Protein chains: 2
Amino acid sequence: MIVGIAGLGLIGGSLAKAYKSAGDHTVYGFDADEATLGFAQVAGAIDGVLTPETAAQCGLLLIALYPKDAVEYLRSLAPYIPRDALVIDCCGVKRFVCQACFELAAAHGFTFVGGHPMAGTHNSGFKYSRPTLFKGAAMILVPPVYDDIMLFDRIEKALAPAGFGHLTVTTGEKHDEMIAFTSQMAHVVSNAFIKSPAAREHKGYSAGSYKDLTRVAWLNPDMWSELFLENRDVLIRELDFFIGSLSKYRDALDKSDGPALRALLDEGRRLKEELDGR
Amino acid sequence: MIVGIAGLGLIGGSLAKAYKSAGDHTVYGFDADEATLGFAQVAGAIDGVLTPETAAQCGLLLIALYPKDAVEYLRSLAPYIPRDALVIDCCGVKRFVCQACFELAAAHGFTFVGGHPMAGTHNSGFKYSRPTLFKGAAMILVPPVYDDIMLFDRIEKALAPAGFGHLTVTTGEKHDEMIAFTSQMAHVVSNAFIKSPAAREHKGYSAGSYKDLTRVAWLNPDMWSELFLENRDVLIRELDFFIGSLSKYRDALDKSDGPALRALLDEGRRLKEELDGR
C-alpha cells in the first residue's frame with residue numbers, strides 16, 4: 001500500500017511508524033514543521049515527502065492535523081488525490097470535519113471517511129509517537145453512507161496495519177455528543193478542578209481520587225480549545241447539566257439535608273454500578 | 001501490645017489483621033453487627049470482644065466507626081479506658097471528631113490523637129479487609145499538642161504494626177480543608193459527572209479520561225454523606241469555587257472566545273505541571 005500521512009505529531013507519527021513496521025508499505029509524510037518532517041525521514045517513519053505528486057500515487061491518505069487545518073489541507077490537495085483513494089482524518093470532532101470533507105470528496109471523486117482513533121497521551125509531538133499507540137484501541141468511523149458493505153471492507157483492510165482493537169461506525173452527531181461527555185468534559189473538569197487555591201497546598205494529602213481526577217488537566221491548550229469550539233453547542237449543554245448536578249449537592253449541603261445528600265450520592269453510585277459493572 | 005479496635009469494616013478489619021500478622025499482639029474487636037464480630041473471630045482477626053472489661057487492658061484503642069458513632073462510642077467507653085492508653089480514630093473528618101474526643105480524653109485522663117489513614121477502596125466491609133491495606137500509605141495525625149516529642153514517639157511505636165509509609169502531623173482545620181479538595185470534592189465531582197444523560201449511551205466511546213474521572217462515583221452513600229455534612233462549610237466553599245471555574249469555560253465557549261478558552265486551559269495545564277511535576 002502507498003500511504004500518505006499529513007501531520008506527524010503523536011497521532012500521525014504513530015500511524016507512520018505503525019504502517020512502516022507492519023510490512024511492505026510506502027509512507028509519504030507531510031508536516032508544516034520542517035524539522036519534524038526531516039526527523040521523521042531520518043527516523044525511517046516516512047519514505048518521502050507527501051506532495052501533490054506523491055499524493056497522486058496514494059491508495060490511502062490519513063490526515064492527522066487539527067480540525068481547521070485538516071479541512072484546509074484536504075482542500076488544497078483534493079485535485080491531486082486519485083479517485084480510487086480512501087481518505088480518513090483523525091480529528092476529535094466529526095460534524096465540522098465530515099461536513100466539509102464529504103463535500104470535497106464528492107466534488108473530486110475520492111472517498112472520505114471521518115475517523116477518530118481513541119488513543120493518545122498527555123504528551124504530544126512526533127518524539128512521543130510509537131508504532132503500537134493504536135494497538136487494541138477503538139477507531140470511531142463516520143462513513144458518508146451506511147449501507148456500503150464493500151466500503152467497510154475497504155476501510156478495514158486499509159486500517160489493518162494500525163492495529164486497532166475494533167472499528168465503531170457512527171454518525172458525526174452521535175460521535176460529537178458522546179465525545180463531549182467522555183472526553184471533552186473530562187478534560188474541562190480536570191483542568192478546572194486544579195484551580196482551587198487548595199491545590200497549591202495539597203502535598204501530603206494527595207489521594208488517589210485527586211490524582212485520577214486531575215490526570216488530564218495536563219493537556220495541549222491549542223488543540224483542545226479548537227476541539228471545544230468546534231463542538232461548543234454540545235459541550236455547553238453538558239457543562240450546564242453538570243453545573244446543575246453539582247448545584248444539587250451544594251443545595252443539600254447548604255440545607256444540611258442528609259437524606260437528600262445521601263439520595264444524590266446513592267443515585268450516582270447506582271448509575272456507576274449499572275454502567276460500568278463490577 | 002493489647003489493642004482494642006472498634007468497627008470491623010474495611011479499615012478496622014484491616015487494622016485488626018495488620019496487628020495480628022505483625023507479631024505477638026492481642027486484639028479485641030467490636031462491631032455493632034454481630035455476624036461481622038463473629039466472622040472476625042473465626043477469621044482470627046481478633047482474639048476476643050472489646051468490652052468495658054477488655055478495654056481496661058488496652059494500651060492502644062483504634063476507632064474505625066463513622067464520625068458520630070466514633071464520638072458516641074468513645075463517650076460510652078471512656079470511663080473504662082486506662083489513663084496510660086492511647087486512643088486514635090480513623091475518621092475522614094477531623095475538626096468534629098477531635099473537638100469532641102479531646103474533651104473526653106481530658107475529662108477521663110487518657111490520650112486521644114485524631115487520625116486519618118489515607119487508604120481505602122470503593123469496596124467496604126470486613127470481607128474486603130486485608131493486613132496490607134495501609135502498607136506505604138500516609139497516616140494523617142491531629143495531636144492535642146504539637147510540642148510533645150514523647151507523644152510522637154509513642155504514636156509511632158503504637159502504629160508501627162499497621163505499616164504506614166509515613167505519618168503526617170497537622171491541625172483539624174488544615175486536614176479538613178485539604179481533604180475537602182483532594183478527596184471529598186473528587187467524590188462529589190465523580191458522582192455528579194455520571195448523571196449526564198450521555199452516560200447511559202457512552203458504551204464504545206469510553207475514553208480513559210472518563211474512566212478515571214468516574215472511578216470514585218462508586219462510593220458508600222451513608223459514610224460519605226456523613227463526612228460531607230461534618231465538613232460542609234469547607235466543602236460548600238470548594239464547590240462554589242469549582243462551579244465558578246467551570247462557568248468561566250462555559251462563558252468563553254458561549255462567546256466563542258478562543259483566546260480566553262485557550263488561556264483558561266493553559267492556566268490549568270501550567271498548574272498541573274507545577275504541582276505534580278513530570
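Mentor: Let's start here: A:Arg262 and B:Asp222 form a salt bridge, with their closest N and O atoms 2.5 Å apart. A:Arg262 sits in helix H11 (residues 258-276) of chain A and B:Asp222 in helix H9 (residues 221-229) of chain B, so this pair joins two chains. This is a predicted model, where local features need pLDDT of at least 70, side-chain atom pairs count only at pLDDT 80 or more, and totals for chains, interfaces and linings use all residues. Residues are numbered from 1 along each chain as its sequence is written, chains are lettered from A and ligands numbered from 1 in the order in which they are written, and side-chain values use heavy atoms, leaving out hydrogens and water.

Trainee: What is a salt bridge, and how many does the structure hold over all chains?

Mentor: A salt bridge is a side-chain nitrogen of Lys or Arg within 4 Å of a carboxyl oxygen of Asp or Glu. Over all chains, the structure holds 36.

Trainee: Are A:Arg270 and A:Asp266 buried or partly exposed?

Mentor: Buried means under 20% relative accessible area, exposed over 50%, and partly exposed in between (1.4 Å probe, protein chains only). A:Arg270, at 41%, is partly exposed, while A:Asp266, at 16%, is buried. Their side chains meet in a salt bridge at 3.8 Å, N to O. Both lie in helix H11 of chain A, four residues apart, about one turn of the helix.

Trainee: How do I read the sheet in chain B?

Mentor: Helices (H or I, at least four residues) and strands (E, at least two) are DSSP runs, numbered from the N terminus. Two strands pair if DSSP finds at least two bridges between them. In chain B, eight strands make an open sheet with mixed pairing, in the order S3-S2-S1-S4-S5-S6-S7-S8. Its edge strands are S3 (48-49) and S8 (166-169), each pairing on one side only. Strand S5 (residues 86-89) and strand S6 (residues 111-117) of chain B pair in the parallel sense over three bridges. For example, B:Leu86 has B:Thr111 in S6(B) as its bridge partner.
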